[in-house]
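Q: I have a structure to discuss. Could we go through it together, beginning with the overall fold?

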Amino acid sequence: MTKIRKHFIFYGTVQGVGFRYRAYHSAIILGVTGWVKNLWDGSVEMEAEGTEEAIDSLILSIEKGSYIRIENLSVKDIPVVGDRSFEVR
């Protein structure tokens, strides 16, 4: 299976609602590597590397969070870097 990497910025109710930890736990279960962090403007930035199906499943899992409300999303394909884990920054 081909690995890809995507860069995301999530806007909406995404800070203070467990977004990063939901992303972390879902990524571990799905075998996705990369990182996630809060940004100063209230958005959340994430890079995710794995199969396209695993990354799609990761986004769906994050959206199911009780208080998480993604109102807008910026996404772009970026080069694979070969991370070994997923971390909260």
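Q: How are residues numbered, and which cut-offs apply to the model?
A: Numbering starts from 1 along each chain as its sequence is written, and side-chain values use heavy atoms, with hydrogens and water left out. As this is a predicted model, local features need pLDDT of at least 70 and side-chain atom pairs count only at pLDDT 80 or more, while totals for chains, interfaces and linings use all residues.

Q: How many helices and strands are there?
A: The protein has two helices and five strands. Its C-alpha atoms fill a box of roughly 35 × 20 × 20 Å along the principal axes.

Q: What percentage of the residues is buried?
A: Buried residues are 38% of the 89 residues. Buried means under 20% relative accessible area, exposed means over 50%, and partly exposed lies in between (1.4 Å probe, protein chains only).

Q: And what share of the contacts comes from residues 24 or more positions apart?
A: Such residues account for 80% of the contacts with a separation of 6 or more; contact means heavy atoms within 4.5 Å.

Q: Moving to aromatics, how many pairs are there?
A: The count comes to two aromatic pairs, given that rings of Phe, Tyr and Trp (its six-membered ring) pair if their centres lie within 6.5 Å, with planes under 30 degrees apart counted as stacked, over 60 as edge-to-face and the rest as tilted. Phenylalanine 8 and phenylalanine 10 form a stacked pair, at 5.5 Å centre to centre and with 15 degrees between the planes.

Q: Are those two phenylalanines buried or exposed?
A: Phenylalanine 8 and phenylalanine 10 are both buried. Ring pairs also link Phe8, Phe10 and Phe19 into a cluster.

Q: What does valine 44 touch beyond its neighbours within four places in sequence?
A: Its contacts include Phe8, Phe10 and Phe19, as well as Val14 and Val36. Valine 44 lies in strand β3 (residues 44–50) and is buried, with a relative accessible area of 0%.

Q: Where is valine 88, and what does it contact?
A: Valine 88 is in strand β5 (residues 86–88). Apart from neighbours within four places in sequence, it contacts Arg20, Tyr21, Tyr24 and Val36. Valine 88 is partly exposed, with a relative accessible area of 26%. Valine 88 and lysine 37 are 51 residues apart in sequence and 6.0 Å apart in space, C-alpha to C-alpha.

Q: Now the loops: where is lysine 64 found?
A: Lysine 64 is in the loop between α2 (52–63) and β4 (69–78). Lysine 64 is exposed, with a relative accessible area of 66%.

Q: Which loop holds glycine 18?
A: Glycine 18 lies in the loop between β1 (4–13) and α1 (19–30), and is partly exposed, with a relative accessible area of 36%. The C-alpha atoms of glycine 18 and tyrosine 67, 49 residues apart along the chain, are separated by 8.0 Å.

Conventions:
Helices (H or I, at least four residues) and strands (E, at least two) are DSSP runs, numbered from the N terminus.
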